[in-house]
Amino acid sequence: MATSYNINTIQGDNLQITLCVKDQNNAPINLSGYDVRGVVKYAYGYTGISGIIVDLNPTINSGINGSYYASGLVDINIPSYIMANVPVGSFVYDIERFPENIPTGNSIKLLRGKFIVSPEVTSI
């Protein structure tokens, strides 16, 4: 079952976040041998690419102990020029893992939740 975690961000800011995916025993999941993917959509019912607001382009972070270390860490890094085009509002996201280099392989949802974008106050 996917861990629920809400992401709060500001339109136009860099979004840099590291999330830790854990199993039912609260231990970090070993993500070696997997790739991850995730997007933000307007709502869960949206299908296809037309409902995608932004690609989270998540990456696995192996931590300080190398690629076989069970860090459970997933990084999201979206630059400000992309976040500037993300509308203000409350949306949904999920991140799933799949076998490395096999995007059509058996995927498992790791994280899901709300993706809340607030307006910026100071802008040029």
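Visitor: Is Y42 buried, partly exposed or exposed?

Guide: This is a predicted model, and in it Y42 has 40% relative accessibility, which lies between the cut-offs of 20% and 50% and therefore makes the residue partly exposed.

Visitor: How many aromatic pairs does a search of the whole structure find?

Guide: The search finds 2 of them. In one, the ring centres of Y42 and Y46 are 5.6 Å apart and the planes meet at 45°, so this pair is described as tilted. In the other, Y42 pairs with F91 in an edge-to-face arrangement, with 5.7 Å from centre to centre and 85° between the planes. Y42 sits in the loop between β4 and β5 while F91 belongs to strand β8, so that the pair links parts of the chain 49 residues apart.

Visitor: Is F91 buried or exposed, and which residues form one aromatic cluster?

Guide: F91 has 7% relative accessibility and therefore counts as buried. Together, Y42, Y46 and F91 make up one aromatic cluster.

Visitor: Now I would like to understand charged side chains. How many salt bridges are there?

Guide: The general idea is that side chains of opposite charge can pair when their charged atoms come close. Here the count comes to 3 salt bridges. R37 forms one with E96, where the closest N and O atoms are 2.5 Å apart, and this pair links strand β4, which holds R37, to strand β8, which holds E96, across 59 residues. R37 is partly exposed at 28% relative accessibility, whereas E96, at 10%, is buried.

Visitor: Which residues does K109 pair with in salt bridges?

Guide: K109 forms a salt bridge with D94, with 3.5 Å between the closest N and O atoms; K109 lies in strand β9 and D94 in strand β8, so this pair ties together parts 15 residues apart in sequence. K109 also meets E96 in a salt bridge, at 2.5 Å from N to O. Salt bridges that share partners join R37, D94, E96 and K109 into one network.

Visitor: Where does R37 lie in relation to F98?

Guide: R37 lies over the face of F98, at 4.2 Å from the ring centre. R97, in turn, lies over the face of Y34, at 4.2 Å from that ring's centre.

Visitor: How should I read the nonpolar core, and how many residues does the largest one have?

Guide: In soluble globular proteins, nonpolar side chains tend to be buried together. The largest nonpolar core in this model has 24 residues, and those with the most contacts inside it are L15, V40, L56, I76, Y93, I95 and F115. The strands β3, β4, β5, β7, β8 and β9 each supply at least two residues of this core, and the largest share, 4 residues, comes from β9. If you select I95 and leave aside its neighbours within four places in sequence, you will find contacts that include L19, V36, L56, V74, I76 and L111.

Note on methods. Residues are numbered from 1 along each chain as its sequence is written. This is a predicted model: local features need pLDDT of at least 70, side-chain atom pairs count only at pLDDT 80 or more; totals for chains, interfaces and linings use all residues. Side-chain values use heavy atoms; hydrogens and water are left out. A nonpolar core is a set of buried Ala, Val, Leu, Ile, Met, Phe, Trp, Tyr and Cys residues joined through side-chain atoms within 4.5 Å. Buried means under 20% relative accessible area, exposed over 50%, partly exposed in between (1.4 Å probe, protein chains only). Contact means heavy atoms within 4.5 Å. Rings of Phe, Tyr and Trp (its six-membered ring) pair if their centres lie within 6.5 Å; planes under 30 degrees apart count as stacked, over 60 as edge-to-face and the rest as tilted. A charge sits over a ring if NZ of Lys or CZ of Arg is within 6 Å of the ring centre and within 35 degrees of the ring normal. A salt bridge is a side-chain nitrogen of Lys or Arg within 4 Å of a carboxyl oxygen of Asp or Glu.
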